[in-house]
Each structure stands twice: as structure tokens, then as C-alpha cells.
Amino acid sequence: MKLTLKIWRQENAKTKGKLVTYKLSDLSSDMSFLEMLDVLNEQLAVKGEPAVEFDHDCREGICGQCSLVINGQAHGPESHYTTCQTHLRSFKDGDTLIIEPFRANSFPVIRDLKVDRSSMDKIIQAGGYISSFTGMAPEANAIPIHHDIAESAFDSAACIGCGACVATCKNSSAALFVSAKVAHLAKLPQGKIERSERVLWMVNAHDEEGFGSCTNTGACAMVCPQEVQLLDIARMNYEYNRAKCISK
């Protein structure tokens with residue numbers, strides 16, 4: 001199949017970027033989207049031109065490193081997929097694809113399609129730790145946890161921190177990301193000891209890193225590859241208000 005790519009090229013965060021057009025042919029529909037970019041970079045290398053830089057690591061939808069907006073949609077056209085899980089069979093022969101980086105003030109462009117998402121790491125860092133024994137594996141029945149609570153905590157913990165929620169939100173809010181991290185520990189007995197301090201520190205860090213406010217449009221949950229639920233945002237708001245009341 002043949003594709004026309006309009007790719008965002010930008011030297012760094014201080015320079016202006018622009019869309020550059022590339023044409024590729026003889027592509028397999030079974031090729032992954034990142035493999036297609038690999039093919040493009042091989043051709044650019046042969047011509048002596050600089051490669052298109054983009055983030056990737058596991059290429060299995062686990063690490064959340066791939067961070068592309070394809071035709072205006074974070075991670076591409078497939079619902080709840082990461083970019084690396086997207087294949088060319090999702091497009092038609094002859095299509096034109098506009099490929100841009102995740103855009104948010106808190107995600108400055110490093111180069112081309114690669115952005116700096118360390119602001120999300122700082123939110124995690126602000127959350128601190130849990131006062132749980134971390135030596136040998138504890139006996140499984142030492143702390144009884146209802147199956148439904150364990151499953152709900154696992155669902156929240158599934159967040160891979162890719163930043164698609166931020167890239168999709170009109171306010172560039174990371175509320176879904178923060179709420180998943182707050183909720184998964186607040187639901188478990190091991191995380192309840194520091195629950196009040198944790199939510200205050202993480203929400204404050206969210207604001208300090210320049211992320212916008214949540215206005216409950218739900219766009220974030222529509223693109224989340226791990227299908228983190230909006231209920232986690234409600235849980236975060238509850239935990240935040242509870243912590244504020246306790247602190248008075």
C-alpha cells in the first residue's frame with residue numbers, strides 16, 4: 001500500500017516546527033505504525049537526511065512511551081490502542097496521515113515527535129511512598145481484601161502513564177492519570193495510611209507542573225489505552241475533599 005505522511009519536524013522546543021511531506025510505497029498492511037516509521041527513517045538515512053525522532057520502547061502496548069497524534073487522534077484511529085499496537089490495516093491505500101507529537105504546555109517538544117513527559121514523573125514522585133513492609137513476599141491471606149476491591153485497584157493501577165489523556169483533553173489536564181495513581185492506592189489497605197497527604201501532594205504537583213483543570217468532558221477516558229474509568233476522577237475528588245476537611 002502507499003501512504004502520504006505529513007510529519008511534524010521540529011529542531012527543539014525553542015524553534016518553530018512544520019509539517020514535512022513524505023511518500024512511502026510497497027508497505028504491508030500487516031506492518032505496525034512504528035515499523036512504517038522505521039522504514040521511513042531507513043530511507044532518510046540512505047539519503048543522508050536526519051531521521052524522524054519518536055519515542056518507543058516495548059512496542060507491545062505496555063510501557064506507554066509511544067506518543068503520537070495521528071490525524072488528530074491520540075494514539076491513532078483505534079479505540080483504546082497505543083500507537084505501537086496500531087497497524088497499517090487501520091488505514092486505506094493512498095491515505096494521507098498527519099502525524100504530530102502529543103501537544104500540551106507540560107509536554108515540551110524535545111525533537112520532532114518526541115516530547116518531554118517528565119512532568120508526569122514529578123507528580124508520581126510527589127506522591128511519596130506507602131508504609132508497607134517491602135521485604136519478603138507477605139503471606140497472601142495476611143491482609144484480607146475483597147475480590148471486588150482488588151479488581152478495582154488493579155484496574156486503576158493499569159494506567160501506563162502514556163499521556164494520551166493530556167493530549168486529548170482541551171484543557172491539557174492530567175486528572176485521569178493522577179486519579180488512577182491516587183485511586184489504586186487509596187482503595188487498598190496498604191495505601192490508606194498516607195492517603196490524605198498523597199492526594200494533596202499529587203494534586204498540587206499536577207497544578208504546579210502546568211496541567212489544566214478537569215471539566216469532565218470524558219475525552220480522556222475515550223482514548224485511554226488501559227480504559228481507566230472516569231470514576232477514578234470522582235474518587236480523587238472525594239479523597240481530595242476528605243483530606244482538606246481532615247487538615248482543618
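1. The model is predicted. Please read every value below as computed from that model.

2. Start with the fold elements. The protein chain holds eight helices and seven strands. Its C-alpha trace spans about 60 × 40 × 35 Å along the principal axes.

3. Next, burial and surface. The protein chain has 248 residues, and 43% of them count as buried. Its accessible surface comes to about 13200 Å². Carbon and sulfur atoms account for 51% of that surface.

4. Contacts along the sequence deserve a look.

5. Now the helix pair. Helix α6 covers residues 195-208, and helix α8 covers residues 231-247. Their axes come within 9 Å and cross at roughly 110°. Angles of 65 to 115 degrees count as roughly perpendicular, so α6 and α8 are roughly perpendicular to each other. The crossing of α6 and α8 is left-handed.

6. Which residues of α6 and α8 meet? From α6 come Arg195, Ser196, Val199, Leu200, Val203 and Asn204. From α8 come Arg235, Met236, Tyr238, Glu239, Tyr240, Arg242, Ala243, Lys244 and Ile246. Sorted by class, this contact of α6 with α8 has eight nonpolar, two polar and five charged residues.

How values were computed:
Residues numbered from 1 in each chain as written. Predicted model: local features only at pLDDT ≥ 70, side-chain atom pairs only at ≥ 80, totals over all residues. Heavy atoms only, no water. Axes fitted to C-alpha atoms, helices over the stretch in contact; angles between N-to-C directions. Helix = DSSP H or I, 4+ residues; strand = E, 2+ residues; numbered from the N terminus. Parallel < 35°, antiparallel > 145°, perpendicular 65-115°, else oblique. Left-handed = near helix turned anticlockwise from the far one by under 90°. Contact = heavy atoms within 4.5 Å. Nonpolar A, V, L, I, M, F, W, Y, C, P; charged D, E, K, R; others polar. Buried < 20%, exposed > 50% of the residue type's maximum accessible area, 1.4 Å probe, protein only. Areas by Shrake-Rupley, 256 points an atom, 1.4 Å probe, with all protein chains shown as cover.
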